Structures are given as C-alpha cells and as structure tokens.
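Hi there,

Here is the structure I promised to pass on.

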Amino acid sequence: MKKEYEDLLEQAKIDLPANKKMLKHLKKKNIDTLFQKYHEKVFEKIDCLDCANCCITTGPMLVDRDITRISKSLRIKPAVFEANYLRRDEDGDWVFKTMPCPFLGSDNYCLIYDVRPKACREYPHTDSKNMYKLFDITLTNSTICPAVALILEEIRVINPIKIKNEKRLDEYGGE
Ligand code: SF4
Ligand code: SF4
C-alpha cells in the first residue's frame, strides 16, 4: 500500500473519537448527499489498485447468488467452489477460507472482477442509502480503507460544509 494511504489509516485511528462525535452530530436528512459528494470526490484521488487493503485484510461475505455466479464463471460446481474457497464464519455466513483473498492478483487486480461478490462491489459502502445506519461500520472501515479515512477527514476538517450543522462541525475542525 502507498505510504500516503498508510498515513491516512494511522491518522484515522487517532481521529476515531472525533469522527464518532462528528457523525453523531450530523443531521440525518443531509447525510446521504454529504457522503455521496465526498465519496465521489475522494475516489477521484484514491486508486484502489495502489491499495487493495480490503482484499488483503477483510474480504467479503458471499451470498448464494455470488457463489452461483462465481462458480459458473470458474466452470466448477458451487459445492466445489464452497469446499475449495469458503468457510462459514461465526455468524454462519460464507467468507473466504484464507486472506488475502485467493482471487487477488499480484498487481492488485481482482481475478474475478466481473463476477466478484456483491459485497466487494459495494465496499466501502460510503455511497449507500441510509448512511446513518452504517456509522459503526464506517468508523471501523476508516481504519481499513484509506478512502473512508479521507472521506471522514474531508467531512470533518477540510471543507467548510454548507449544511445546517456547519457551526457544530467547525467545533471539531482543530482536533
Ligand atoms: S475500497 Fe478502500 S480498502 Fe479497498 S482497495 Fe479501495 S481504497 Fe483500498
Ligand atoms: S473477490 Fe476480488 S474484489 Fe473481492 S476481495 Fe477478492 S480480490 Fe477483492
């Protein structure tokens, strides 16, 4: 991973309490628009091919549709795919047996990109609807994904945010 991205993750660990406070004070109705804006802005700067940290450390949960689609593309039976690549986690969900993900190429490209699990397509979920329901996972992801770290940093510190709670956000600007 780029040194710059590692620094973002280190800073996000330090900023966890401030980010938690800031998220708590965001107005519900503005949240999705706010995150969408910074998600797009940040992913213009962050290149996943210079990172791959989610594929190295976290990995997705796979649902039946993912298993059917991927095994079809690999031309193997779903049961064989499950036996070779998957295990059940503590919640009973399918996850990859080993991490880094077995489908992560040495150049950080995903070897099954076109058929990758839905959870991989959606990660890091910062352009989701009802972001206020995802605050806990977003805080966790800010220590895994440099893009999330930067999105929270941008929302918290860098940009003057022209929403109703602007003053309240400014209180956290120096932290
Ligand atoms: S989604 Fe985040 S953690 Fe995953 S490769 Fe992209 S920047 Fe890195
Ligand atoms: S399937 Fe592809 S995108 Fe998903 S974790 Fe593996 S390498 Fe990353």
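Below is what I found in it, topic by topic.

First, a word on confidence. This is a predicted model, with an average pLDDT of 89 over the protein and a score of at least 70 for 90% of the residues. The stretch to watch is 159-175, where the pLDDT is below 50. Beyond near neighbours in sequence, that stretch still has 21 contacts in the model. Where pLDDT is low, the predicted coordinates should not be read in detail.

Now to the nonpolar core. The largest one has 29 residues, and the members that touch the most others are Ala 147, Val 148, Ala 149, Leu 150, Ile 151 and Leu 152. At least two core residues come from each of α1 (3-25), α2 (31-45), α3 (53-58), α5 (78-85), β3 (94-96) and α8 (146-158). Helix α8 gives the largest share, seven residues. Where does this core sit relative to domain 1 and domain 2? It lies between them, because domain 1 (3-54 + 124-170) and domain 2 (61-122) both contribute residues to it. As for Ala 149, leaving out residues up to four places away in sequence, its contacts are Leu 8, Leu 9, Gln 11, Ala 12 and Ser 142.

There are also two ligands to look at.

- Ligand 1 has around it Ile 46, Cys 48, Cys 51, Ala 52, Asn 53, Cys 54, Tyr 123, Pro 124, Ile 144, Cys 145, Pro 146 and Ala 147. Helices α3 and α8 supply at least two residues each to this shell, which is made up of eleven nonpolar residues, one polar and no charged.
- Ligand 2 is surrounded by Cys 55, Gly 59, Pro 60, Cys 101, Phe 103, Leu 104, Cys 110, Ile 112, Arg 116, Pro 117 and Cys 120. Its shell counts nine nonpolar residues, one polar and one charged.

One more residue may interest you: Asp 127, in the loop between α6 (118-122) and α7 (135-141). Setting aside residues up to four places away in sequence, Asp 127 touches Phe 35, Gln 36 and His 39.

Best wishes

Technical notes: Residues numbered from 1 in each chain as written. Chains lettered and ligands numbered in written order. Predicted model: local features only at pLDDT ≥ 70, side-chain atom pairs only at ≥ 80, totals over all residues. Core = buried A, V, L, I, M, F, W, Y, C linked by C-beta atoms within 7 Å. Buried ≥ 20, exposed ≤ 12 C-beta atoms within 10 Å, placed from the backbone. Helix = DSSP H or I, 4+ residues; strand = E, 2+ residues; numbered from the N terminus. Domains from an automatic or database assignment. Contact = placed C-beta atoms within 7 Å. Near = placed C-beta within 6 Å. Nonpolar A, V, L, I, M, F, W, Y, C, P; charged D, E, K, R; others polar. pLDDT = per-residue confidence, 0-100.
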